[in-house]
Amino acid sequence: GGVYVGGTLTSKSGNVFTHNRASSNGGDIYVDTSSIIVTLTSNSMSRGQATDGASIYLASGGLSIDQSSFDNSQANNNGGIYLADGTFHLTNSNYSFGNATGYGGAIYTKTLQTVQIQNNIFSNNLAVLGGGIYIEQGAFTVDTIQFLQNQANNGGAVYTQTGTIGVSTSKFIGNKASGQGAGYYQAAGSWASVLTVYQQNQATA
């Protein structure tokens, strides 16, 4: 991929990652830092490609992203951003036109301890399960998020396998599922939704 991070990296002031590829994981950035938190601010990542984590692969540690944009990523398996373990915060960012042939067009979470996403837009992302986000397990907090026109077989915007999910002050608009759950699909776990709009989502099953 473009960058491997095994220590502390703070990336600021309009860095651009484009057309980076990895034969395995982490098309733009691969992060493996144990307890260290990696901070990425004001970055643009476009057309990253990898097996898992077309844009970013977090193997361990912590990852915090703010004021960044992601578009046109291609994961040959799962996740534009693949979160294997650790903690993850995403704020004030956009992820659009992410494509995964497996799960999680924009984000795939596996065994993370905590995930917090706030004030982001996920639009026109595509996957088999979880067009916007696929959650395998963990504690997931969603606040002031827009899920717009994402698509999947099940869970057009979000698919949860298990875990604890809290959604507040968000919008699920125009998402599609060829199976079930155009806005949200929950296989197991708990889901709480407060002050959230579900509008013009379409499931055909």
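**A tour of the aromatic cluster and the nonpolar cores**

Begin by selecting Y4, Y30, Y57, Y82, Y103, Y108, Y134, Y159 and Y185, which form one aromatic cluster. Rings of Phe, Tyr and Trp (its six-membered ring) pair if their centres lie within 6.5 Å; planes under 30 degrees apart count as stacked, over 60 as edge-to-face and the rest as tilted. The model is predicted: local features need pLDDT of at least 70, side-chain atom pairs count only at pLDDT 80 or more, and totals for chains, interfaces and linings use all residues. Residues are numbered from 1 along each chain as its sequence is written, and side-chain values use heavy atoms, without hydrogens and water.

Across the whole structure, 14 aromatic pairs are found. Select Y57 and Y82 next: this pair is stacked, at 4.8 Å centre to centre and 10° between the planes. Y57 belongs to strand β7 and Y82 to strand β10, 25 residues apart (strands are DSSP E runs of at least two residues, numbered from the N terminus). Y57 counts as buried at 11% relative accessibility; buried means under 20% relative accessible area, exposed over 50%, partly exposed in between (1.4 Å probe, protein chains only). Y82 is also buried, at 7%.

Now select F122 and F147, a stacked pair with ring centres 5.4 Å apart and planes at 15°. F122 lies in strand β16 (residues 121–123) and F147 in strand β19 (residues 146–148). Both are buried.

Finally, display the largest nonpolar core, of 35 residues, where F88, I117 and F122 have the most contacts inside it. Such a core is a set of buried Ala, Val, Leu, Ile, Met, Phe, Trp, Tyr and Cys residues joined through side-chain atoms within 4.5 Å.

Notes. Helix = DSSP H or I, 4+ residues; strand = E, 2+ residues; numbered from the N terminus.
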